[in-house]
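Please read them with the coordinates open.

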Amino acid sequence: MSKYKVVLTGTTWPEAYEKLLEQCEVKVWEGPGPLPRDQLLDWLADAEGLFNVGHVKVDEELLDAAPNLRVIAQSSVGYDNIDVEACTRKGVPFGNTPGVLVEATADLTFGLLLSAARRIHEGWELVKAGQWRTVYGTDLYGKTLGVVGLGDIGSAVARRAKACGMNIIYHNRTRRPNDEQEGATYVSFDELLTTSDCIVCLVPLSNHSRGMFSKEQFNKMKPTAYFVNASRGPVVDTQALYDALQQNKIAYAALDVTDPEPIPADHPLLSLSNILITPHIGSATYETRNSMANLAAENLLAGLSGKPLPTCVNQSVNYK
Ligand SMILES: NC(=O)C1=CN([C@@H]2O[C@H](COP(=O)(O)OP(=O)(O)OC[C@H]3O[C@@H](n4cnc5c(N)ncnc54)[C@H](OP(=O)(O)O)[C@@H]3O)[C@@H](O)[C@H]2O)C=CC1
Ligand SMILES: O=C(O)C(=O)CO
């Protein structure tokens, strides 16, 4: 039996790679640097499957360059780099990796809040510098956490916060009755901004959410507010965040995602004392990244053999 022709935009985890190799002839980009666009389009000329690990932009141009493409699988839950409507128009199912990364990403997101509130990272820097002294933080117990984007991950963050004695409010475009039964209170975006002690952002990046945290929103927050973004950098206006922190309009920010990404070492945000940034490691545990790769491989192999993808974004194509 001839093997499926697949393009892999970067290296993946061994278990998933082995599964692919059983059924596919794989062109894999091993660097250095990201896969050049020309090379990708050239490889896609006869490809039947695209396994996207490097968040390559998938648009009309790419789809036109890949006339035999039958499936795209990406090992992430966010898919703001994918033109899903274009995939649907071309009849190409697109699968992401929801669910398997929820707990790891919620741990990191709540960890950022905890570290910022208790200055864990600052304490460690002081100890390393030979300065054994008290760094004061703030209690989370009894405070109000506002979750913007209470979906799979937001809800798991809310669970952790509740276990630490926080009150939970949230804002989505649609209400979540199950989470409300668990104690999360639905409020308008404005009410969340003005009443939260801590705000966590976990909305997907879209035309609706791009720049949704800007000067106006930071001005509405409490001057004691802690702001955590673990979604995508462009959901926040970086200059407005810098101004809000620099002018003490809010107390502290903790970010796992930035705009731009990676953030250059000489970026003004890095000169502030009231910020903590990690390099987009929300889902980066061995177990979770392995599970994400396996799910992406399952999506790819299902699409190649004409079966519905286990986790398909454009369902109308999946089940046609
Ligand atoms: N830092 C990291 O490493 C990681 C980051 N992420 C990011 O987290 C995002 C969320 O993931 P996940 O929880 O699985 O996704 P979900 O789809 O489960 O949840 C997203 C939630 O956001 C809400 N939402 C969407 N748009 C808006 C908006 N404009 N205003 C208010 N609420 C909105 C949705 O509700 P409704 O549609 O009703 O508004 C939904 O409840 C991903 O898209 C990704 O960008 C994910 C994994 C790891
Ligand atoms: O899955 C995602 O969307 C990420 O950001 C990385 O896990």
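1. Terms and basis. Helices (H or I, at least four residues) and strands (E, at least two) are DSSP runs, numbered from the N terminus. The model is predicted: local features need pLDDT of at least 70 and side-chain atom pairs count only at pLDDT 80 or more, while totals for chains, interfaces and linings use all residues. Residues are numbered from 1 along each chain as its sequence is written, and chains are lettered from A and ligands numbered from 1 in the order in which they are written.

2. Overall dimensions. The chain contains 13 helices and 12 strands. Its radius of gyration is 21 Å, which agrees with the value near 20 Å that a compact globule of 320 residues would have. That radius is taken over C-alpha atoms, and the globule rule is 2.2 Å times the number of residues to the power 0.38. Along the principal axes, the C-alpha atoms fill a box of roughly 65 × 50 × 30 Å.

3. Of the 320 residues, 42% are buried. A residue is buried if 20 or more other C-beta atoms lie within 10 Å of its own, exposed if 12 or fewer, and partly exposed in between, with C-beta atoms placed from the backbone. Two residues are in contact if their C-beta atoms, placed in that way, lie within 7 Å. Among contacts between residues at least 6 apart in sequence, 62% join residues at least 24 apart.

4. Domains. The chain is divided into domain 1 (4-100 + 286-304) and domain 2 (102-277), with bounds that come from an automatic or database domain assignment. The C-alpha centres of domain 1 and domain 2 lie 31 Å apart. Across the boundary, 5 residues of domain 1 are in contact with 7 residues of domain 2. On the domain 1 side, the touching residues divide into 1 nonpolar, 3 polar and 1 charged. Here Ala, Val, Leu, Ile, Met, Phe, Trp, Tyr, Cys and Pro count as nonpolar, Asp, Glu, Lys and Arg as charged, and the others, Gly among them, as polar.

5. Record annotations. An unreviewed UniProt entry gives "domain: D-isomer specific 2-hydroxyacid dehydrogenase NAD-binding" for residues 110-282. That span is 33% helix and 16% strand, and its end C-alpha atoms lie 10 Å apart. The UniProt annotation "domain: D-isomer specific 2-hydroxyacid dehydrogenase catalytic", also from an unreviewed entry, covers residues 16-314. Residues 16-314 are 37% helix and 14% strand, with end C-alpha atoms 23 Å apart. UniProt positions are in the numbering used here, feature names are shortened, and annotations may be inferred rather than shown by experiment.

6. An open, parallel sheet has 7 strands in the order 8-7-6-9-10-11-12. Its edge strands, each pairing on one side only, are strand 8 (185-186) and strand 12 (275-277). Two strands pair if DSSP finds at least two bridges between them. Strand 7 (residues 167-171) is joined to strand 8 by 2 bridges, and Ile-169 has Thr-185 as its bridge partner. Strand 9 (residues 198-201) pairs with strand 10 over 4 bridges, with Asn-229 as the partner of Cys-201. In strand 10 (residues 226-229), Tyr-226 and Val-228 point one way, Phe-227 and Asn-229 the other, and all are buried.

7. Strand 4 (residues 71-74) is joined to strand 5 by 2 bridges, and Ile-72 stands opposite Phe-94.

8. Thr-195. Thr-195 belongs to helix 9 (residues 189-195). Thr-195 is partly exposed, with 16 other C-beta atoms within 10 Å. Not counting residues up to four places away in sequence, Thr-195 touches Thr-144 and Ile-169.

9. Backbone points to check. Most residues other than glycine have a negative phi, and most peptide bonds are trans. The bond from Asp-259 to Pro-260 is cis, with omega near 10°, and the bond from Glu-261 to Pro-262 is cis, with omega near 0°. Pro-260 lies in the loop between strand 11 (252-255) and strand 12, and Pro-262 lies in the loop between strand 11 and strand 12. Phi is near 55° for His-55, which is in the loop between strand 3 (49-52) and helix 3 (60-64). Arg-119 has phi near 55° and is in the loop between helix 5 (102-118) and helix 6 (120-128). His-55 counts as partly exposed because it has 18 C-beta neighbours inside 10 Å.
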